[in-house]
Amino acid sequence: MADFTFELVSPERLLVSETASEVVLPATEGEMTVMANHAPTMTTIRPGVVTVKSAGKVSRYVVFGGFADILPSGCTLLAESAVPVDEFDRTLIERRIEEARSHLDNGDHADEHKTRLEQFLSELTHLNGVLNPA
Amino acid sequence: MPSLKDLKNRIASVKATQKITKAMKMVAAAKLRRAQEAAEAARPYSQRMSVVLANIAQAVGTDDSVPRLMTGTGQSQTHLLVVCTAERGLCGGFNSQIARFARDHIRRLQSEGKTVKIICVGKKGYDILRRDFNALIVDRIDLREVKKIGFANADEIGKRIIALFNKDEFDVCTLFYSEFKSVISQVPTALQLIPAAVPAAEAAPESAAAIYDYEPDAGEILNDLIPRNISVQIFRALLENVAGEMGAKMSAMDNATRNAGEMINKLTLSYNRQRQAQITKELIEIISGAEAL
């Protein structure tokens with residue numbers, strides 16, 4: 001199977017830059033698997049888990065929003081914040097949920113904005129459920 | 001003429017000061033290295049961001065779906081200036097340089113009859129600008145408690161700016177910070193945030209030629225991208241500022257240490273002279289006393 005370069009970049013640093021055979025992205029409109037020679041695509045990312053398969057190794061990262069730039073030769077994921085799943089701290093996501101909720105509750109938002117916030121909140125809650133099974 | 005004891009005290013105090021400035025210099029050097037690393041690590045993100053932005057802006061063109069953050073309000077009556085400075089002093093002309101640059105800008109805008117609003121990031125800039133433009137400062141952001149500037153800090157500032165923009169509080173937003181050229185030179189810089197100055201599609205490599213699929217559509221992505229880009233720009237400015245501050249502090253403290261050294265030399269010289277003079281005087285007294293007998 002052909003490989004391609006995958007880069008995971010957060011504003012603070014370049015997290016991953018390696019060749020991968022398969023990457024699963026949590027795109028806004030559903031999960032998306034990227035392999036080599038993918039059609040050029042630009043997509044936004046919702047909070048979720050990115051799975052990178054390279055040379056038989058599988059690594060997983062938690063990302064909070066961002067977007068991905070996919071080209072036949074490679075894939076660049078610009079994440080707002082990204083952490084490897086093993087180093088992930090559950091308080092982090094709980095704090096974010098808290099923040100999103102208080103943001104939603106205080107202040108009157110336009111309808112469109114409100115739906116977006118609600119969606120974001122439900123995505124976060126879902127992610128929390130996946131990562132921290134009660 | 002100060003007495004011997006005075007001189008001794010002064011030498012001791014200058015020596016103590018020299019020790020402090022020397023220590024501060026070394027701390028600044030260590031922090032500078034860390035700040036430079038942080039700025040370096042953040043570079044890939046902002047670079048890729050601008051490439052992507054250029055691509056997508058090209059794709060969208062001048063469609064109606066272009067968000068207001070990019071096109072602006074169509075006016076330039078009210079200007080919002082975000083002035084980023086350091087939280088601490090003792091770093092040479094670093095803070096006053098940025099503040100002076102911003103002040104000139106404000107004066108020019110005012111003489112053109114524009115309305116100016118200011119957001120201060122960092123305590124020092126606030127202290128300086130407060131003297132002249134207290135009425136114009138709408139907000140200030142304190143990062144003193146922050147040990148290491150993270151993207152979250154920049155994002156918060158970005159969100160505040162966008163919230164103000166959505167309330168039609170201003171038309172044009174400009175960011176002031178100090179660009180880190182080298183350890184000894186930091187250049188105050190103004191960067192327009194809103195309407196977003198799209199990096200001209202710098203004949204990007206392969207990606208420019210590719211025809212993209214957008215998911216969801218390009219306008220939607222742009223809507224998501226522009227606020228993010230603003231935060232990224234602010235983040236970059238903050239990192240550059242930290243590096244610049246540390247560089248300025250390092251050279252300021254180096255100067256201070258050298259000055260203290262010179263001062264100690266001078267004081268020691270006059271101390272020794274005076275001691276010698278006293279010894280000579282005493283000798284003369286003894287000798288003339290012996291001769292008189």
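## Chain A

Of the 134 residues of chain A, 52% count as buried. The model is a predicted one. The accessible surface of chain A amounts to about 6600 Å², and carbon and sulfur atoms account for 49% of that surface.

Chain A contains 10 strands and 2 helices. Read from the N terminus, the order of these elements is β-β-β-β-β-β-β-β-β-β-α-α.

## Extent of the interface

Chain B and chain A meet in a contact to which chain B supplies 27 residues and chain A supplies 29 residues. Between them, the two chains bury about 2300 Å², and 62% of this buried area is on carbon and sulfur atoms. On the side of chain B, the residues that lose the most area to chain A are Tyr45(B), Arg48(B) and Glu215(B). Together these residues make up 28% of what that side buries.

## Polar and charged pairs across the interface

The count of salt bridges between chain B and chain A is 2. A salt bridge is formed by Glu7(A) and Arg48(B), with the closest N and O atoms 3.1 Å apart. Arg48(B) is also one of the residues of chain B that lose the most area to chain A. For polar contacts, the count between the two chains is 2 residue pairs, with both residues at pLDDT 80 or more.

Several elements of chain B give two or more residues to the side that touches chain A: helix 1 (4-60), helix 5 (151-166), helix 6 (206-209), strand 6 (213-215) and helix 7. Of the elements of chain B, helix 1 gives the most to this side, with 9 residues.

## A nonpolar surface patch on chain B

Ile279(B), Leu283(B) and Ile287(B) form a nonpolar patch on the surface. The accessible area of these residues together is about 260 Å². Ile279(B) is placed in helix 7 of chain B, which spans residues 218-292. Helix 7 of chain B is also among the elements that give two or more residues to the side touching chain A.

Ile279(B) has a relative accessible area of 38% and is therefore partly exposed. Patches are made of residues with over 30% relative accessible area, so Ile279(B), at 38%, passes this cut-off.

Conventions:
Residues are numbered from 1 along each chain as its sequence is written. Chains are lettered from A and ligands numbered from 1 in the order in which they are written. This is a predicted model: local features need pLDDT of at least 70, side-chain atom pairs count only at pLDDT 80 or more; totals for chains, interfaces and linings use all residues. Side-chain values use heavy atoms; hydrogens and water are left out. Patches are made of residues with over 30% relative accessible area and no salt bridge: like charges are joined within 9 Å, nonpolar side chains (Val, Leu, Ile, Met, Phe, Trp, Tyr) within 5 Å. Accessible areas come from the Shrake-Rupley method with a 1.4 Å probe; for residues, only the protein chains shown count as cover. A salt bridge is a side-chain nitrogen of Lys or Arg within 4 Å of a carboxyl oxygen of Asp or Glu. Helices (H or I, at least four residues) and strands (E, at least two) are DSSP runs, numbered from the N terminus. Buried means under 20% relative accessible area, exposed over 50%, partly exposed in between (1.4 Å probe, protein chains only). Contact means heavy atoms within 4.5 Å. Buried area is the accessible area (1.4 Å probe) that two parts lose on being put together, summed over both. A polar contact is a pair of N or O atoms within 3.5 Å; within protein, one must be able to donate a hydrogen and the other to accept it, and residues adjacent in sequence count only if both atoms are side-chain atoms.
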